[in-house]
Amino acid sequence: MAAEQMAEDWERAGQQPPPRPLDAIDHDILRILQTDGRASIRSVAERVHVSRANAYARINRLIEDRVIRGFGARINHERAGQGASAYITLKIVQNSWRTVREQLQELPGATHIALVSGDFDVLLLVHAPDNRTLRELVLTRLQSIPEVLSTRTLLVFEETDLDAPGPPTP
């Protein structure tokens, strides 16, 4: 059975195939692409000491296996007009994760959503133009979701992306 067919079968079943093991070269490729998602195949191949064809095949496999979920830009939210950031913890009704997640994905400025263990159930990271907009998001949008039992907002005063190259963003 072709690899594409197997992947389609897994996807139809709502599952992901088991991950293939990664070797040292795969990990090196991931580090390079995390630092510079725009690195050329040629540059990657040279830096990990493999042929361009090998680097191309490895990157495609990492994409097919969903190890690489995509390529994108790292945004300085403050310079992009989203100067207020907060982590918001939510306690939700038991077994409502999927429903809540769908609604949270629609929130403007939501950039990370995680189901977690501990004193709360969900951790949400949002970016907004200002504190007034952030307040409206919490008091109006989040509090109106029936499955949300309570929230706690933690304002972000300063942040540093650990996987970003160069000096931290001010």
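**Overview of the chain.** Of the 170 residues in the protein chain, 25% are buried. Buried means under 20% relative accessible area, exposed over 50%, and partly exposed in between (1.4 Å probe, protein chains only). The model is predicted: local features need pLDDT of at least 70, side-chain atom pairs count only at pLDDT 80 or more, and totals for chains, interfaces and linings use all residues. Residues are numbered from 1 along each chain as its sequence is written, and side-chain values use heavy atoms, with hydrogens and water left out. The protein chain has six helices and four strands. Their pattern along the sequence is α-α-α-α-β-α-β-β-α-β. Helices (H or I, at least four residues) and strands (E, at least two) are DSSP runs, numbered from the N terminus. Among contacts in the protein chain with a separation of 6 or more, 63% join residues 24 or more positions apart. Contact means heavy atoms within 4.5 Å.

**View 1. The four-stranded sheet.** Four strands form an open sheet in the order β2-β3-β1-β4, with antiparallel pairing. The edge strands, β2 and β4, each pair on one side only. On average, neighbouring strands of this sheet are turned by 20 degrees against each other, direction ignored. Two strands pair if DSSP finds at least two bridges between them. Strands of a sheet pair through backbone hydrogen bonds, either parallel or antiparallel.

**View 2. Strand β1 and its partners.** β1 is mostly covered, with seven of its nine residues buried. Seven bridges join β1 to β3, and the two run antiparallel. Ile-88 has Leu-124 as its bridge partner in β3. β1 also pairs with strand β4 (residues 148–156), in the antiparallel sense, over eight bridges. Here Ser-85 stands opposite Val-156 in β4.

**View 3. The β2–β3 pairing, with α5 on the sheet.** β2 and β3 run antiparallel and are joined by five bridges. The bridge partner of Ile-113 in β3 is Leu-124. Helix α5 packs on the sheet and touches β1, β2 and β3; its direction makes about 170 degrees with that of β2. Axes are lines fitted to C-alpha atoms, for helices over the stretch in contact, and angles run from 0 to 180 degrees between N-to-C directions.

View 4. Trp-97, Val-100 and Leu-104 are buried in helix α5 (residues 97–105). They cover an arc of only 70 degrees around the axis, so they sit on the same side of α5. The arc is that of the directions from the helix axis to the C-beta atoms. Exposed Arg-98 and Glu-102 lie on the face of α5 turned away from its buried side. The buried residues of α5 pack against β1 (84–92), β2 (110–115), β3 (122–128) and α6 (131–142).

**View 5. Helix α6 and Arg-132.** α6 lies across β1, β3 and β4, running at about 15 degrees to β1. Arg-132 is found in helix α6. Is Arg-132 buried or exposed? Arg-132 is exposed, with a relative accessible area of 69%. Arg-132 and Ala-84 are 48 residues apart in sequence, and their C-alpha atoms are 9.2 Å apart in space.

**View 6. The nonpolar cores.** The largest nonpolar core has 19 residues; Ile-88, Leu-90, Ile-92, Leu-104, Leu-124, Val-126 and Leu-142 touch the most other members. β1, α5, β3 and α6 are the elements that give two or more residues to this core. β1 supplies the largest share, five residues. Apart from this core lies another, of 13 residues, among them Ala-45, Val-48, Ile-59 and Ile-68. A nonpolar core is a set of buried Ala, Val, Leu, Ile, Met, Phe, Trp, Tyr and Cys residues joined through side-chain atoms within 4.5 Å.

View 7. The axes of helix α2 (residues 24–35) and helix α4 (residues 52–64) come within 11 Å and cross at roughly 80 degrees. That makes α2 roughly perpendicular to α4. Angles under 35 degrees count as roughly parallel, over 145 as roughly antiparallel, 65 to 115 as roughly perpendicular and the rest as oblique. Ile-25, Asp-26, Ile-29, Leu-30 and Leu-33 of α2 make the contact with Arg-58, Ile-59, Arg-61 and Leu-62 of α4. The axes of helix α3 (residues 41–48) and α4 come within 8 Å and cross at roughly 105 degrees. α3 and α4 are therefore roughly perpendicular to each other. Ile-41, Arg-42, Val-44 and Ala-45 in α3 meet Arg-52, Ala-55, Tyr-56 and Ile-59 in α4.
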